[in-house]
Amino acid sequence: MNKTWNNRAWLMVLPVLLLVAFNAIIPLMTVVNYSVQETFGNNLFFFEGVKWYQEVLNSPRFHAALGRQFAFTAMILLIEIPLGVAVALAMPRSGPWVSVCLVLMALPLLIPWNVVGAMWNIFALPDIGLLGYGLNAAGIEYNFTRQPAAAWFTVVLMDVWHWTSLVVLLAYAGLRSIPDAYYQAARIDSASAWSVFRFIQLPKMRRVLTIAVLLRFMDSFMVYTEPFVLTGGGPGNATTFLSIDLVKAALGEFNLGIAAAMSIIYFLMTLLVCWVFYTLMTKGEEQ
Amino acid sequence: MRARWLVPTLYIIFLMLPIYWLLNMSFKTTNEILGGFSFYPHRFTTTSYVEILTNPVWYNGYISSISYVIINTVISVAVALPAAYAFSRYRFLGDKHLFFWLLTNRMAPPAVFALPFYQLYSAIGLFDTPWAVALAHCLFNIPLAVWILEGFMSGVPKEIDETAYIDGYSWPRFFVKIFMPLIASGIGVTAFFCFMFSWVEMLLAKSLTAVAAKPIAAVMTRTASTSGYELGLLAAAGVLTIVPGALVIYFVRNYIAKGFALGRV
């Protein structure tokens with residue numbers, strides 16, 4: 001659409017700008033403020049420059065949390081994206097079952113995040129949970145509060161349970177936008193199921209899949225509530241991801257400077273990835 | 001290809017298992033839960049539900065959750081409407097930068113903001129009210145609402161606006177009388193997503209409330225940690241938090257695919 005140049009449009013954007021700025025800029029400046037100061041209580045602050053940043057960037061604890069975060073995000077993307085696409089491809093294209101599928105699949109998306117954690121806690125308990133009891137009965141020793149591997153397995157499975165539906169819904173919407181004529185043409189050419197997928201369905205899903213990857217990357221990168229309720233970051237530090245580590249530093253140990261410097265580094269990383277994706281996405285749109 | 005239905009069926013069974021387990025636990029007595037593993041409640045009881053629906057500590061949690069979610073949805077949609085119109089119809093100084101800046105807020109980790117939010121809302125005296133949570137959730141819901149609405153509005157041809165102006169409509173009258181009915185389904189989808197993200201977010205909702213406005217899911221975690229092993233109550237409260245979401249999703253099921261089809265969410 002060709003848009004007219006009109007600077008008075010700023011007036012229409014103003015309420016949004018004020019509300020979001022109030023919520024985004026004031027807290028961000030507070031964090032920046034803490035990140036360059038030292039305090040000994042009694043509201044006495046001293047300027048410290050980049051000390052906290054150096055400390056965070058050199059701390060093995062931050063490196064470990066960052067490593068776990070990337071491992072978690074990579075696993076999530078590698079499982080959820082292909083699984084979501086596979087389910088979307090196998091879903092009926094029309095008929096009464098579509099609504100049933102959509103409603104049931106969207107259900108996990110609407111459960112408050114700490115209820116998801118609590119639900120999986122109950123589900124995975126080794127003595128009375130279906131998953132825990134089942135695995136132990138099958139001869140696999142499983143206890144997510146003691147074994148780091150079991151904790152990881154449970155956290156990843158929970159995230160797959162929670163968020164794959166988002167990928168399914170997005171991919172399904174992308175598939176529905178393909179006109180029937182494309183499939184008829186493919187049938188006339190007697191194309192194999194694989195080439196229909198590779199040359200018709202995948203290119204048509206490219207845009208929604210970019211959004212799915214972007215959203216899953218961002219949300220898994222800031223995951224906090226579900227793993228915190230399920231494992232509390234344990235056993236030990238095995239499932240302490242960036243957000244959990246951050247809240248531990250800020251509210252648990254009250255290391256305001258460290259926590260603030262971590263926040264800023266964390267935020268800048270998210271921003272960088274966000275910018276890369278945004279540029280890629282808008283480029284795709286212009287073509 | 002005959003067994004195509006198998007994949008979604010297995011996937012849905014996988015989704016339903018933990019929910020079934022929660023339901024199962026919610027109808028058991030504490031003794032039965034601690035007594036050992038069983039696939040269904042042998043002594044079916046609804047005491048947990050009765051306790052939640054009659055104890056004010058519990059049901060006030062629901063009331064405060066629902067009130068901040070509704071306030072947030074109304075504010076987000078109301079301010080996002082004109083802004084999305086501006087983004088979809090006009091070019092103005094810094095528009096692209098502004099749009100990107102809005103989106104970055106959708107992606108800011110709430111953990112970064114929890115502590116400063118607590119201080120900010122305490123300072124302006126809104127701490128522990130539904131308003132604090134509703135306003136804080138605007139941080140990610142307004143950008144989302146602008147993003148979705150802009151997609152819907154760009155689908156309406158510009159000639160409609162121009163014809164209305166020629167017919168002598170002022171902008172506000174045109175917007176309310178002609179334009180909003182045209183994108184009604186878009187407004188519905190937007191409201192749904194605002195409702196959803198405000199309903200499920202807990203980190204900010206928890207740090208901005210103490211007693212009076214505590215959201216239900218936070219009441220749940222606290223009860224679980226203070227009163228020991230009340231798994232039945234915990235499970236029943238969990239089941240009841242699924243209900244509003246399920247109702248909303250049932251009503252908007254036909255619009256969701258449409259909203260997603262625009263690739264905006």
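Student: How many residues does the contact take from chain B and from chain A?

Tutor: One thing to keep in mind is that this is a predicted model. As for interfaces in general, their size is often given as the accessible area lost when the parts come together. Here we'll count residues instead: the contact takes 79 residues from chain B and 77 residues from chain A. On the chain B side, helix H1 (residues 6-26) gives the most, with eleven residues.

Student: What classes of residue make up the side of chain B that touches chain A?

Tutor: That side has 64 nonpolar, ten polar and five charged residues.

Student: Which strands of chain A and chain B pair, and in what sense?

Tutor: Look at strand S1 (residues 4-5) of chain A and strand S1 (residues 90-91) of chain B: they pair in the parallel sense, over two bridges. To find a bridge yourself, go to A:Trp5, whose partner in S1(B) is B:Arg91.

Student: Now the helices. At what angle do helix H4 (residues 96-106) of chain A and H1(B) pack?

Tutor: Two packed helices are described by the angle between their axes and the distance between the axes. For H4(A) and H1(B), the angle is about 35 degrees and the axes are 10 Å apart. Their crossing is left-handed. A:Cys101, A:Leu104 and A:Met105 make the contact from H4(A), while B:Pro8, B:Ile12 and B:Leu15 make it from H1(B). By class, that gives six nonpolar, no polar and no charged residues.

Student: How do helix H3 (residues 60-90) and helix H9 (residues 193-221) of chain A cross?

Tutor: Their axes come within 10 Å and cross at roughly 145 degrees, and H3(A) passes H9(A) in a right-handed crossing. The contact includes A:Phe72 and A:Ile76 of H3(A), and A:Val213 and A:Phe217 of H9(A). Its residues divide into eight nonpolar, four polar and two charged.

Student: Where does H7(A) bend?

Tutor: Find A:Trp163, where H7(A) bends by about 40 degrees.

Methods:
Residues are numbered from 1 along each chain as its sequence is written. Chains are lettered from A and ligands numbered from 1 in the order in which they are written. This is a predicted model: local features need pLDDT of at least 70, side-chain atom pairs count only at pLDDT 80 or more; totals for chains, interfaces and linings use all residues. The bend at a residue is the angle between axes fitted to the seven residues ending there and the seven starting there. Helices (H or I, at least four residues) and strands (E, at least two) are DSSP runs, numbered from the N terminus. Two residues are in contact if their C-beta atoms, placed from the backbone, lie within 7 Å. Ala, Val, Leu, Ile, Met, Phe, Trp, Tyr, Cys and Pro count as nonpolar, Asp, Glu, Lys and Arg as charged, and the others, Gly among them, as polar. Two strands pair if DSSP finds at least two bridges between them. Axes are lines fitted to C-alpha atoms, for helices over the stretch in contact, and angles run from 0 to 180 degrees between N-to-C directions. A crossing is left-handed if the near helix is turned anticlockwise from the far one by less than a right angle, and right-handed if clockwise.
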